[in-house]
Amino acid sequence: EAKAKGKNTYHFYSSELNAAANERLYIENELRQGIRDSQFHLNYQPQVDSRTGKVLGFEALIRWTHPTQGAISPVKFIPIAEATGLIVELGEWVLHEACRFSARRAQAGLEANVSVNLSVRQFQDANLIPSLANILEQTKVAPKNLHLELTESMLMGDVDTAISQLHDIKRLGVSISIDDFGTGYSSLSYLKRFPVDVLKIDRSFVQDIPDDPNDMAITAAIIAMAQKLNLNVVAEGVETREQMEFLKANNCFVVQGYYFSPPLSEQAVAELPEVLSGCESAVD
Ligand code: C2E
Ligand code: MG
Ligand code: MG
Ligand code: MG
């Protein structure tokens, strides 16, 4: 194709590829340096009771402030950290940091549930269980306050190994959420074999409520299915009061999104009231 259109087109593609490869290499190197120099921190987004506004817990989300590039999104660097294996070290730091946050909250008598995103490399790492046990012991976090977010695709390869790893996690007392639910290539028949606790409805289904009747039907169906399977359900990316009301009317009682709060620094979290009221203007 490129050749048929002539040399210039070909050059255009190859220089784009070069730029992408260079950026990747750049980020990879900077990641190593960033880990050494502690350029990362966590922000925490409240998960809220849609009936009362009460804060029920937080999702920990990693942030990278690069000394010259400024903020680099996890959407950009997490895949590179995964591909290079750096995610194992970085992910362990995230777990530790999130548990220290939870421990400080518990110490202060505040809601201490924290949800941590796990990458596929971490999930498949033979060292995950001892590492988790170690972090829980060191930080004195009650295991029931720690929730791990996995995606469907992480479970779909070697299903039996995945199930046994999930059981090992649950044996520690830690609970498991399926993140971005509905977007992966998952088989519903496996869902009941996986010892999971929570389905997190992907933002893509929530964002077009109330304009897209299909997304509304899918969202209501996921909630109903979760209920029948005895799973809890969390809706992510809730930006408007209408979305929140729709979810509440359909028995989804845990919501997360800009409507209630963006991810915040630990200090900003400390200043939050225990009950939040929604705020449409938070969305631009
Ligand atoms: P995720 O786990 O699905 O996290 C939700 C993402 O949606 C976050 O983006 C959050 O800031 C954003 N979000 C929350 N509420 C709203 C909303 O109302 N509207 C919109 N448009 N977005 C909302 P973020 O922080 O950029 O993270 C992106 C993804 O990067 C995460 O998706 C997760 O897959 C990954 N990630 C973030 N932190 C970590 C981490 O510590 N470890 C690993 N392995 N992955 C992480
Ligand atoms: Mg998540
Ligand atoms: Mg998600
Ligand atoms: Mg997502």
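This report describes the ligand site and the backbone geometry of a predicted model.

## Basis of the model

Local features require pLDDT of at least 70 and side-chain atom pairs pLDDT 80 or more, whereas totals for chains, interfaces and linings use all residues. Residues are numbered from 1 along each chain as its sequence is written, chains are lettered from A and ligands numbered from 1 in the order in which they are written, and side-chain values use heavy atoms, without hydrogens and water.

## Surroundings of ligand 1

Ligand 1 is surrounded by 22 residues (a heavy atom within 4 Å), the closest being R63, N117, D179, E239 and Y258. This shell comprises nine nonpolar, five polar and eight charged residues; Ala, Val, Leu, Ile, Met, Phe, Trp, Tyr, Cys and Pro count as nonpolar, Asp, Glu, Lys and Arg as charged, and the others, Gly among them, as polar.

Polar contacts are pairs of N or O atoms within 3.5 Å. Oxygen atoms of ligand 1 lie 2.8 Å from a polar side-chain atom of N117, 2.9 Å from one of D179 and 3.0 Å from a side-chain N or O atom of E59.

## Backbone geometry

Most residues other than glycine have a negative phi, and most peptide bonds are trans. The peptide bond from I209 to P210 is cis, with omega near 10 degrees.

S38 has a positive phi near 55 degrees, and N251 one of about 70 degrees. With a 1.4 Å probe and protein chains only, buried means under 20% relative accessible area, exposed over 50%, and partly exposed in between. S38 is exposed at 59%, and N251 is partly exposed at 35%.

Key: Polar contact = N/O pair within 3.5 Å; in protein donor to acceptor, adjacent residues only side chain to side chain.
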